[in-house]
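Subject: Structure for you to look at, with notes

Dear colleague,

I am passing on the structure we spoke about, together with notes on what was found in it. Please read the notes with the model open beside you.

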Amino acid sequence: MKQYRSHILVCAGTGCQSQEGHEIIEELKKQIEKANFHNEIQVVKTGCFGFCEKGPIIKILPENVFYIEVKPSDAKEIVEEHIIKGRRVQRLLYEEPNIHERLEQQKDMPFYKKQVRIALRNCGLIDPENIKEYIAEDGYMALGKVLTEMSQEEVIQLVRDSELRGRGGGGFSTGFKWELTYRNKDDQKYIVCNADEGDPGAFMDRSILEGDPHSVLEAMAIGAYAIGANKGFVYIRAEYPLAIQRLKIAMEQAKEYGFLGRNIFGTNFHFDVEIKYGAGAFVCGEETALINSMEGGRGEPNAKPPFPAESGFWNKPTCVNNVETYANIPPIILKGPKWFKQIGSEKSKGTKVFALAGKVNNVGLIEVPMGITLREVIFDIGGGIRNGRKFKAVQTGGPSGGCLTEALLDNPIDYENLTRIGSMMGSGGMIVMDEDDCMVNIAKFYLEFTEEESCGKCTPCRIGNKRLHEILIKITEGKGTKQDLEDLKKLGEMIKISSLCGLGQSSPNPVLSTLKYFYDEYLQHVENKHCPSGVCAALKKHEIVEENCVGCTLCARVCPVDCISGKVKEVHNIDQERCINCGACKEACKFNAIAN
Amino acid sequence: MKNEKVKLTINGAEIEVPREYTVLDAATEAGVHIPTLCHLDLHDLKMVNRTASCRVCMVEVEGKPNLAPACATPINDGMIISTDTIKAINARRMAVELLLSNHPTDCLICQKNLQCELQTLAHRLSVREIKYTGEAMTTHLDTSSQSLVKNQNKCILCRRCETACNEIQTCGILTALNRGFHTTVGPAFNLPMQETSCTYCGQCVAVCPTAALTEVNHVPKVWDALNNEDKYVIVQTAPAIRVALGELFDMEAGSIVTGKMVSALRKLGFDKVFDTDFGADLTIMEEATELIDRLENGGRLPMLTSCCPAWVSFIEHQFPDLVDVPSTCKSPHIMFGTISKTYMAEKLNIDPQKITVVSIMPCIAKKAEAARTELALDDDNNVDIVITTRELAAMIKEAGIDFNKLPDEDFDHPLGETTGASVIFGTTGGVIEATMRTAYEWLTNEKLENVEFDQLRGFEGIREATVPINGKDIHIGIAHGLGNARQLLEDIRSGKSQYHAIEIMACPGGCIGGGGQPYHHGNDVVVKKRQEALYKEDKNKEVRQSHKNKEIIELYDSYLGKPYGELAHKLLHTKYTPKERI
């Protein structure tokens, strides 16, 4: 085996790759080759580092230097300065905005300071396409331990003791789920990995599969052993080509190394994994819908019970766990439930990965201990709101999560607490909004998504969400009434308690939470026909700011409906009756004399 | 575990019920009515729709934050259920109001007016306004087929049709398409029904709670024919009509209304009122001869009955390699039509071109069957118009006939004499029993003392019996419901089938449960009562074997010659064509 004195880790996740990540790798290799260091320096493509805001990211070991926003053209300088001369490329270091200092190491950066990486432990560290690197990080050691030292019951008990809960959104006890499937005796059982990450804003499952696919395979094998299955499936959306590719490579390598296949670790345990592709429907993240889709049927949920643990894939006992849940399993086995339980809050143990997005300075993928407050995540890790704007709301849990206000930011993040305050853990999406966001419009936006993604099976979700959406459209168009607000609430609450699956049971959350926390904003829309954030186009009112108007006549000339009048060098006037609020005047005005 | 009882509380009252019950079953037993819509449980016919999609039967279960659908929620010991809380009532009402907000309100002129389960539910819940209004579905009406009309604007996505089509009939034509608000039910790629392998069994129509799936209405055509002085309009009624028609005039299920039906048809103005049973007796003559021929001359076995057009269509589309197994006999009403336009026309001296044959059938597939070109005689359809039991009742009502007060009248002759054998054609097991009543005597030259073959009767989806004839065991199979038929066909295909003859009817229960019958609204007792009535009608008949029907004997003697003979072949037999499966 070759020994290298230094490693250049380059993020090869989807985000960084789309920003010429591949070219960076090629260029670095070229420069190293040119400098004749190719026997000493290794370029390693890794999974996602999480700090996507500042991507593409590279990290140089052993000195642990973290470079951000790297371009292929920087490769030369990195090699010449850092590698050859041992000097830092200052301009590529992260500058801490508060102290205005360039930081070399990840651990010093506020984005990483409060993070605890368990599920993402290998992302950004190892080459996901090389099983040896996974093994070097204790990979497949947990599986070995389980198969050679532990009974099925012991594995289940250990996972139960860890109090690990489903990271896909439901928060159901993983160990208990395994136990239920274990208890249902059948000659054929299945274990399924739910990699149908349907929340458009979340990408932790994709990142784990892209950055550390073996951890999922290992955990699936452990779960399969525990429940008594010998066949596993990864249900993944076809729109994740890189994750699929890395998973396939991992599966092949695992087979080659004997971690998949027959007589694993020389025991009687056999286990194989197959990939099933999803077409990208949001509802297929729901386990019964996922199983229907796996069977080639329409992706729609069934009434539960029976639960998959009893009757799942082809009516056989089936255990469905999410990618992130699986990624937690090997460390739990190796380090024990006590270690895991000391992280997190009373009822939610361990960590949770969030996809932090929206109007926050540091967009990216973060893994934080349960119990951390929303404020810490948004302001410490996220670096606060962009462009110095004011925080308005944060939405957690994906498209059907609720929007939470400033007053709720000191709430610790855990399953129960988020549900209690009207949102949910969900997939781990976290979208931050600022004062420029109209909450009515936000609710409308999410409803549009869930309405379209509803499978259409049950009445409340199929028609109820449509009606909710229609009422919201009406309000944003200035045609809403106070009665509409009551109807929204009543209908939303009913949809929640009477829909068939989790999609419908949570889809009204954005409406209900914004109604609760931003009622005044709704009132402004229906009573004063005014959108305080100026987002709802139909409610925009264009007016001349008299003190700024010089009477240049430009606005009158660009107005497509000729509703602006005024003489040269005199203050102009907009006929509100005829104005279509297209904004052409405002755009044209050079004197900031048009307000809306 | 069996016979285990579970104690639970419903609306404050404790009740003990079998463990396998759902909350709905338990509530029903406790005398608590929970409205349902998508739910359907034809227990004895093994058709259960438990999609829990309409969310009408929502109840509160103590300890659960969300409401639960009573129809699909299993019971637990100590469960506390409330069906009458404001929360449950509001949710129920909301579900119905939402459905109505996306449903046409043309109830007054709707084909299902007063038969619609959504309408009944809205009435029951006293819905007086639809709170949430908005966009409604606008899809194209599918009138492509001869048999059924698909109006997705009226679909409430109960998915009963899918259960019938996929699980019971295994035809796989109907499925939910699109998603969200635009979800609809249709064939793959939303093809017109005519371009699919639909058999038109009509079980989807039979279970549809609204008018999303209905039969093609041919009543106006019948009125036109009756009002056309140049036409000699004759009518024939299938065996299963007489035991079901009464239901549409508030009579109990299983009432036999043969006499009143004949009377009503005369009043409607038909020139002759005949009985398809005559055609059934004729079918037996041909089919029994064909069976004997196949048995004695090493022909293709087993022989399958061919009376059911949905079944014929099923084998053509789904088992195109097996189209040589069904009997080549045309179905009874087509045989009857043929004889009407040949033998009868000659006998009554009427130009066949002027004869209009109307069939009253329990079936919508018969509509499509009548249009099959291979069944035509000299380019003329043997049967011109087919209407269902329901359409006939509509005509009687429209004509202002007080059905219940009608006197009993008898069918016209010479094609009016029928036997007990032909009347049981309307139930599963009946065709093969009728065949055996004749084949037995022909093969043994002995008198059959007991014409009732009990072993062929019943409701089990697949039944089998062995009838010893001349020291040889004749193995008989019976299947009703196309899913059951599929099982028998798979065995034939793989060479495992031991049967000599198999009777297949597409509809669960046979024609008594046909897609054109009065709606059973999920009550399978109705279908059973019709079966009992048919056997009763058989018992009351003086002649109970087809070959002893005097008018049939006369028909062969004076016109057709020998059963399965040259003319019989030309007039009464057909062929089947392998078709694509879509």
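This is a predicted model: local features need pLDDT of at least 70, side-chain atom pairs count only at pLDDT 80 or more; totals for chains, interfaces and linings use all residues.

How many bridges join strand β8 (residues 231-237) of chain A to strand β9 (residues 272-278) of chain A, and do the two run parallel or antiparallel? They are joined by 7 bridges and run parallel, and within this pairing A:Val234 stands opposite A:Ile275 in β9(A).

As background, most residues other than glycine have a negative phi, and most peptide bonds are trans. The peptide bond that joins A:Gly55 and A:Pro56 is cis, with omega at about -10°, and A:Pro56 lies in the loop between β2 (41-46) and β3 (58-61) of chain A. Another cis peptide bond runs from A:Lys304 to A:Pro305, with omega near -5°, and A:Pro305 is found in the loop between α11 (287-294) and β10 (318-322) of chain A. A:Tyr140, a residue other than glycine, has a positive phi, near 65°, and is placed in the loop between α4 (131-136) and α5 (141-149) of chain A.

Turning to chain B, strand β1 (residues 5-10) and strand β2 (residues 13-18) pair in the antiparallel sense over 6 bridges, with B:Glu16 in β2(B) as the bridge partner of B:Lys7. These strands, β1(B) and β2(B), form a hairpin with 2 residues between them, and B:Asn11 in the turn has a positive phi of about 50°. β1(B) is also joined by 2 bridges to strand β7 (residues 80-82) of chain B, and these two run parallel; here B:Ile10 stands opposite B:Ile81 in β7(B).

Elsewhere in chain B there is an open sheet of 4 strands in the order β14-β19-β18-β17, with mixed pairing. Because β14 (303-304) and β17 (462-469) of chain B stand at the edges, each with a single partner strand, one side of each is left without a neighbour in the sheet. Within the sheet, strand β18 (residues 472-480) of chain B and strand β19 (residues 501-505) of chain B run parallel and are joined by 5 bridges, and the bridge partner of B:Gly477 is B:Ile502 in β19(B).

Finally, there is the contact between the chains, which takes 35 residues from chain B and 34 residues from chain A. The area buried between chain B and chain A is about 2800 Å², of which carbon and sulfur atoms give 56%. B:Tyr132, B:Arg179 and B:Phe181 supply 22% of the area that chain B buries against chain A, more than any other three residues. The count between the chains is 4 salt bridges, and one of them links A:Glu453 with B:Arg179, the closest N and O atoms being 3.1 Å apart. There are also 18 residue pairs in polar contact between chain B and chain A, with both residues at pLDDT 80 or more. On the side of chain B that touches chain A, α2 (86-101) and β9 (175-177) of chain B each supply at least two residues, and α2(B) gives the most, with 8 residues. By class, that side of chain B has 18 nonpolar, 11 polar and 6 charged residues.

With best wishes

Key
Residues are numbered from 1 along each chain as its sequence is written. Chains are lettered from A and ligands numbered from 1 in the order in which they are written. Side-chain values use heavy atoms; hydrogens and water are left out. Contact means heavy atoms within 4.5 Å. Buried area is the accessible area (1.4 Å probe) that two parts lose on being put together, summed over both. A salt bridge is a side-chain nitrogen of Lys or Arg within 4 Å of a carboxyl oxygen of Asp or Glu. A polar contact is a pair of N or O atoms within 3.5 Å; within protein, one must be able to donate a hydrogen and the other to accept it, and residues adjacent in sequence count only if both atoms are side-chain atoms. Ala, Val, Leu, Ile, Met, Phe, Trp, Tyr, Cys and Pro count as nonpolar, Asp, Glu, Lys and Arg as charged, and the others, Gly among them, as polar. Two strands pair if DSSP finds at least two bridges between them.
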